[in-house]
Amino acid sequence: MSPDVLPCVVSVTVNTAGTGYINGDATSAIVTCVAPCTGTGAAGTCKVTSGQVQTITITDGGSGYTTSHPPKISCPGGNADLAAIVRIGSVKVIRSSIQKR
């Protein structure tokens, strides 16, 4: 069987940490995909210290995203001053079947 290649979110780089975000190591990230963004299912967590976003870790890359129109990813709270770059890549999904005899 040949593998399917699916475009997905592979990482997020925080360029500007912003201010006023909810402190914690595993706060759920907010993923927004508005047309022309076409993907679905991405999820992640925010690590926030002293109200500033330190990292956003992708826990599920979702599928169907494009580099030309990636989703926007943010964290709860804050002053809308977080600047994050979303990186789209591909994963290979190898499907196999097991036949019972």
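## Disulfides

The S-S bond of Cys-46 and Cys-75 has a torsion of about -95 degrees, so this disulfide (a pair of cysteine sulfur atoms within 2.5 Å) is left-handed. Strands here are DSSP runs of E with at least two residues, and helices are runs of H or I with at least four; both are numbered from the N terminus. The sulfur atoms of Cys-46 and Cys-75 are 2.1 Å apart. The model is predicted, so local features need pLDDT of at least 70 and side-chain atom pairs count only at pLDDT 80 or more, whereas totals for chains, interfaces and linings use all residues. Residues are numbered from 1 along each chain as its sequence is written, and side-chain values use heavy atoms, with hydrogens and water left out.

By the distance rule there are two disulfides. The other bond joins Cys-33 to Cys-37, with an S to S distance of 1.9 Å. Its torsion, for Cys-33 and Cys-37, is about -105 degrees, so this disulfide is left-handed. When the bonded cysteines of the chain are numbered in sequence order, the pairing reads 1-2, 3-4.

## Buried and exposed residues

Cys-46 and Cys-75 are both buried.

Lys-92 is found in strand 7, and it counts as exposed because its relative accessibility is 63%. Lys-92 and Pro-7 are 85 residues apart in sequence, and their C-alpha atoms are 9.1 Å apart in space.

## The sheet 2-4-5

Three strands form an open sheet with the order 2-4-5 and antiparallel pairing. Its edge strands are strand 2 and strand 5, each of which pairs on one side only. On average, neighbouring strands of this sheet are turned by 20 degrees against each other, direction ignored. For such angles, axes are lines fitted to C-alpha atoms (for helices over the stretch in contact), and angles run from 0 to 180 degrees between N-to-C directions. Two strands pair if DSSP finds at least two bridges between them.

Strand 2 (residues 24-28) runs antiparallel to strand 4, and three bridges join them. In this pairing, Ser-28 stands opposite Thr-45 of strand 4. Strand 4 also pairs with strand 5 (residues 52-63), in the antiparallel sense, over nine bridges. Here Ala-43 stands opposite Asp-60 in strand 5, and Lys-47 has Thr-55 of strand 5 as its bridge partner. Strand 4 and strand 5 form a hairpin with two residues between them, and Ser-50 in the turn has a positive phi of about 50 degrees.

Thr-27 is located in strand 2 and is buried, with a relative accessible area of 18%. Contact means heavy atoms within 4.5 Å. Apart from neighbours within four places in sequence, Thr-27 is in contact with Ile-22, Gly-44, Thr-45, Cys-46 and Pro-76.

## The nonpolar core

A nonpolar core is a set of buried Ala, Val, Leu, Ile, Met, Phe, Trp, Tyr and Cys residues joined through side-chain atoms within 4.5 Å. The largest one in this model has 16 residues, and those with the most contacts inside it are Val-9, Val-53, Ile-56, Ile-73 and Cys-75. At least two residues of this core come from each of strand 1 (4-16), strand 4, strand 5 and strand 7. Strand 4 gives the largest share, three residues.

Which residues does Ile-73 touch, not counting residues up to four places away in sequence? They are Val-9, Val-12, Ala-29, Ile-30, Val-31, Ile-56, Ile-58, Leu-82, Ala-84 and Val-86.

Terms used:
Buried < 20%, exposed > 50% of the residue type's maximum accessible area, 1.4 Å probe, protein only.
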